[in-house]
Amino acid sequence: MDSESTLAITVEFTGGLEMLFSDERKHKLVVPTKDDKGNAVNIGWLVHHLVEDVMKDSRKEMFVLDGHVVCLHGSRPGILVLINDADWELEGEASYALQPNDNILFVSTLHGG
């Protein structure tokens with residue numbers, strides 16, 4: 001893939017989510033600019049990519065529920081998503097089109113006690 005057809009982004013996991021991703025907090029990824037249908041890749045595409053191609057842990061339900069991030073306003077509370085340090089709700093949530101050098105942070109808000 002050439003640089004015009006790819007995007008370099010950083011994806012981070014905290015609050016325990018890193019254990020689902022080989023105990024690595026920060027992942028530098030190069031992803032295509034377009035999905036299989038020719039649309040700009042977005043956070044929804046990224047979540048699918050993370051689950052299918054990056055996550056090694058079998059407990060996918062700890063990150064997604066029915067194919068969507070288990071977020072604060074989803075089916076159950078659990079994960080805060082920040083796009084370049086801004087709440088993803090301000091950026092369009094799963095429909096946010098990824099941009100070069102984006103930093104996507106997934107923070108678990110579930111804590112045992």
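**A walk from the rings to the sheet**

Phe21 and Phe63 are both buried. Keep these two residues in mind as we go through this structure, which is a predicted model.

Let's begin with the aromatic rings. Searching the whole structure turns up 5 aromatic pairs. One of them joins Phe13 and Phe106: their ring centres lie 5.5 Å apart and their planes meet at 15°, and because planes under 30 degrees apart count as stacked, this pair is stacked. Which parts of the chain does the pair link? Phe13 belongs to strand β1 (residues 6-14) and Phe106 to strand β7 (residues 103-108), so the pair links distant parts of the chain, 93 residues apart. Phe13 and Phe106 are both buried.

Now back to Phe21 and Phe63. Their ring centres are 5.4 Å apart with planes at 80°, so this pair is edge-to-face. Here too, distant parts of the chain are linked: Phe21 sits in the loop between β1 and β2 (26-32), while Phe63 sits in the loop between α1 (43-54) and β3 (64-65), 42 residues away. Through ring pairs, Phe13, Phe21, Phe63 and Phe106 are linked into a cluster.

Next, look at the strands. In general, the strands of a sheet pair through backbone hydrogen bonds, in a parallel or antiparallel way. In this model, 5 strands form an open sheet in the order β2-β1-β7-β5-β6, with mixed pairing. At the edges are β2 and β6 (86-87), each pairing on one side only. Strands β1 and β7 pair in the parallel sense, over 5 bridges, and Thr14 has Val107 in β7 as its bridge partner.

Finally, find the helix α1. Helix α1 packs on the sheet and touches β1, β2, β5 (79-83) and β7. The direction of α1 makes about 115° with that of β2.

Methods:
Residues are numbered from 1 along each chain as its sequence is written. This is a predicted model: local features need pLDDT of at least 70, side-chain atom pairs count only at pLDDT 80 or more; totals for chains, interfaces and linings use all residues. Side-chain values use heavy atoms; hydrogens and water are left out. Rings of Phe, Tyr and Trp (its six-membered ring) pair if their centres lie within 6.5 Å; planes under 30 degrees apart count as stacked, over 60 as edge-to-face and the rest as tilted. Helices (H or I, at least four residues) and strands (E, at least two) are DSSP runs, numbered from the N terminus. Buried means under 20% relative accessible area, exposed over 50%, partly exposed in between (1.4 Å probe, protein chains only). Two strands pair if DSSP finds at least two bridges between them. Contact means heavy atoms within 4.5 Å. Axes are lines fitted to C-alpha atoms, for helices over the stretch in contact, and angles run from 0 to 180 degrees between N-to-C directions.
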